[in-house]
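Biologist: I've just opened this one and would like to talk through how the chains meet. Can we start with the charged pairs?

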Amino acid sequence: MRINRFRAAGLAAAAGALALTAACGSGTPGQPADTGGDDAPEGATTVEFWQLSFQDVENEWYEAAVDAFNESQDEIHVNLTQVPGDAWEQRMTAAQAAGNAPDMYTIAYNGVVSAATTGQITSLSPYIGDDVWSDVQEDVLASISVEGEHYAFPMLVEPSAVLWYRTDLFEEAGIDGPPTTWEELQDYAAQLTTGDVYGFGAAQSAGDMGWSTWGLQWNVAGHLPISDDWSEAQVGDEYAPLLQAWQDMYKAGSMPQQALAGYADANPLGEGHLAMNMGGSWFASVLINDFPEMVGNIGAAPMPSFHGDPEAPTATLGGWTWVVDAKSEVPEEAAAFIEATLGGGDDEQLLEYFAGTQFSKYSPRASVNEALIEAAASSENPWAATIAEQIVPFSKPEASYPWDISMAFATALEQAMQGTDVSTALADAEAEINRLIEANQLAGTAPQP
Amino acid sequence: MTQTVQAEPTTLGTAAARRRGRPSGKQPRARTGMNARSNKMAYLMLAPVVILLTIFVVWPVVYAVYLSFYNWSFYTDPIPVGWRNYMNVLGDRTFIESVGRGLLFAVMVVPVQLVIAFLFASLVRTVSGRVATLLKVSIYIPTIVSGVIASIIFVLIYNYQGGILNAFVGLFGVEKQAWLGNVATALPALAVPAIWLGLGICSLIMLAGMVDIPATYYEAADLDGANWFQKTFFVTIPLMKNIFLFLLITGFTAAVQQFELPLVMTDGGPLERTLLPNLYIFQHFRNDTYVGYSIAAAILLMVVLGSISAVIFRVLNSEKAVDG
């Protein structure tokens with residue numbers, strides 16, 4: 001008891017300090033927006049919902065969805081807070097430390113399993129019926145499940161890797177269509193590099209490579225660099241072609257010596273600095289909104305497969321889910337809101353989200369995805385069908401093992417790019433992953449869906 | 001033998017002098033009462049600071065040490081892991097390298113900062129009042145610029161595509177460089193804004209130290225025919241020893257703990273070449289499920305910085321009042 005009091009005092013002090021940090025953080029661009037808080041009907045149960053702030057059009061959809069739910073009934077009142085990305089970690093950590101975490105919040109796929117196994121989020125299975133879950137794609141469902149319990153409701157999926165290419169530059173150089181092999185990609189990249197235009201742009205720092213190359217890791221090796229039960233590293237020579245490709249293009253100057261922007265940023269492509277750009281499906285929305293004059297000159301295709309199999313994965317399905325905090329006192333009400341908004345209560349409204357983002361994201365629910373692809377055909381997004389039909393079906397879920405493992409492999413990729421011998425870089429990664437397994441006692445702890 | 005005999009009174013004298021500061025039971029009663037009242041008042045006046053320090057410094061540190069022996073999160077009961085967190089941190093090549101890199105960064109930043117600040121303060125001291133004020137304001141401006149803003153400004157300067165620095169070196173026919181993307185240039189590129197940001201406060205403290213030196217010393221030196229270099233090396237620098245010590249300790253610990261610049265400018269890359277210890281700890285705090293590891297790393301960093309500060313104190317022998 002005494003220890004608990006000490007602990008509570010310590011936590012309060014830490015929370016105070018973190019709250020101060022968070023307060024400072026809120027001064028950064030993009031203030032949190034609160035909606036729905038002032039007009040809660042008397043007697044209604046309030047559900048606090050924190051949403052990571054995205055594009056304006058997405059934020060507006062969240063506000064509309066919350067308003068629609070609040071107006072549809074008077075028993076549950078959802079209070080939405082939009083938190084800017086640069087303040088998210090501080091605000092959430094401070095809230096968790098003070099015991100004031102929101103009832104529900106948005107979380108990326110690769111964080112779900114970890115949050116579930118460490119008791120941060122609660123299972124939604126008891127609150128949402130099997131008929132709703134059965135509409136979610138099997139792979140996606142597996143990525144948010146631990147021992148048969150579903151801990152998050154998937155909202156959208158975004159393929160992490162699409163090959164965006166400049167059709168006009170290809171035509172000028174006399175190149176027909178996008179590359180289908182890595183030899184072609186490297187050859188085209190060299191040909192298309194002229195002046196301030198680089199042939200190929202992709203992630204070039206370990207932090208970006210860590211997640212954006214999961215699909216290519218699957219593609220080149222047929223597995224990720226750790227065994228399924230997380231007991232040992234699996235970093236053999238099968239990964240060499242991937243590292244060699246980055247090394248060759250960097251050395252040849254087909255890739256810039258420093259990434260022109262972060263991996264998630266489509267601006268270098270839109271501004272005309274890249275002839276080919278490995279980027280996520282979200283590029284579509286940015287290109288249509290910010291660079292409409294370039295849309296006609298840009299094509300989209302799957303990243304080439306290392307072994308020639310067009311159905312081998314080249315991307316992972318990232319994206320966002322909604323979860324309920326383990327300490328929430330109103331999990332049932334929060335789950336009711338989730339089910340009504342994402343689980344089939346009003347799919348028309350959900351489709352509006354995908355339409356608003358120019359069909360640059362896809363639904364993990366089969367029924368919604370069908371309607372989405374149909375609607376996308378007549379949309380201003382010329383790449384939606386290609387991505388939906390040639391990339392999404394073959395993509396893998398995001399890796400759920402600790403981030404350090406991804407960083408260890410990505411560091412090897414960056415080392416190779418910077419000139420380290422490929423075998424040496426792979427050996428370093430293998431040693432580091434094995435050290436991490438030992439240090440964090442990971443062996444045998446891989447969660448089973 | 002004679003030397004030994006002579007040494008004893010000195011030693012005893014020193015011990016007696018040390019004891020002199022302590023309250024003694026053999027003092028007259030009236031004096032004791034006055035001392036007691038003085039002590040009470042002293043304790044009373046110290047109490048607010050001691051209480052605040054205990055709440056906001058001592059207790060969090062003690063609690064952090066306690067937590068470092070646990071796997072701990074906000075949602076689960078702490079799991080005792082003994083020294084495992086410390087062993088893991090010490091076995092992590094990245095942590096050891098980040099500390100070494102922090103020391104290297106401090107070596108890049110602090111001496112340059114001290115030299116420039118000393119020269120600048122010397123200049124300010126020699127010019128007229130109005131010009132001196134202008135110079136002081138100018139040098140102090142970087143200090144009030146936010147580290148984050150400075151980082152963004154320098155990212156724009158170093159930008160590979162369209163950066164001002166590459167445009168400048170391009171005038172001399174030099175190919176554009178990936179200043180922040182090249183393993184050889186990334187850390188020095190971070191050192192430049194670090195020097196720039198710290199120069200203002202460093203210069204003003206130096207200036208304050210210089211102004212504090214009695215003019216009579218310089219007048220005496222002038223009478224002896226000393227030139228500027230002689231006055232600088234035999235008067236100014238020896239009398240500013242404590243100022244240098246202060247700036248060295250604070251500059252060193254600040255440089256090793258630099259966080260904003262690598263966070264905003266490089267996120268620790270390329271290849272961890274700008275991953276300084278605080279950023280390493282932050283990245284673990286942000287990504288790890290349990291925070292015991294980050295806390296253990298922070299405590300080890302505290303030990304490293306404390307040890308280095310103690311060594312600097314020892315080497316510069318600061319307890320002597322150099323101008324007294």
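Modeller: Keeping in mind that this is a predicted model, A:Arg435 forms a salt bridge with B:Asp92, and the closest N and O atoms of the pair are 3.3 Å apart.

Biologist: How many salt bridges are there between chain A and chain B?

Modeller: The count between the two chains is two salt bridges, and, taking polar contacts across the interface of chain A and chain B, the rule finds 14 residue pairs, with both residues at pLDDT 80 or more.

Biologist: Which elements of chain A give two or more residues to the side that touches chain B?

Modeller: Those are helix 1 (2–25), helix 3 (85–97), helix 18 (403–417) and helix 19 (422–439) of chain A, and of these helix 1 gives the most, with seven residues.

Biologist: How much area do chain A and chain B bury between them?

Modeller: They bury about 3,000 Å², with 55% of it on carbon and sulfur atoms, and the contact takes 38 residues from chain A and 33 residues from chain B.

Biologist: Back to B:Asp92, what does its side chain reach at the start of helix 4 of chain B?

Modeller: A side-chain oxygen of B:Asp92 comes to within 2.9 Å of the backbone nitrogen of B:Thr94 there.

Biologist: What span should helix 4 of chain B have, going by its residues?

Modeller: Helix 4 of chain B (residues 93–126) has 34 residues, so at 1.5 Å a residue it should span 50 Å, and its end C-alpha atoms are 50 Å apart, which agrees.

Notes
Residues are numbered from 1 along each chain as its sequence is written. Chains are lettered from A and ligands numbered from 1 in the order in which they are written. This is a predicted model: local features need pLDDT of at least 70, side-chain atom pairs count only at pLDDT 80 or more; totals for chains, interfaces and linings use all residues. Side-chain values use heavy atoms; hydrogens and water are left out. Helices (H or I, at least four residues) and strands (E, at least two) are DSSP runs, numbered from the N terminus. The expected span of a helix is 1.5 Å times one less than its number of residues. A polar contact is a pair of N or O atoms within 3.5 Å; within protein, one must be able to donate a hydrogen and the other to accept it, and residues adjacent in sequence count only if both atoms are side-chain atoms. Contact means heavy atoms within 4.5 Å. Buried area is the accessible area (1.4 Å probe) that two parts lose on being put together, summed over both. A salt bridge is a side-chain nitrogen of Lys or Arg within 4 Å of a carboxyl oxygen of Asp or Glu.
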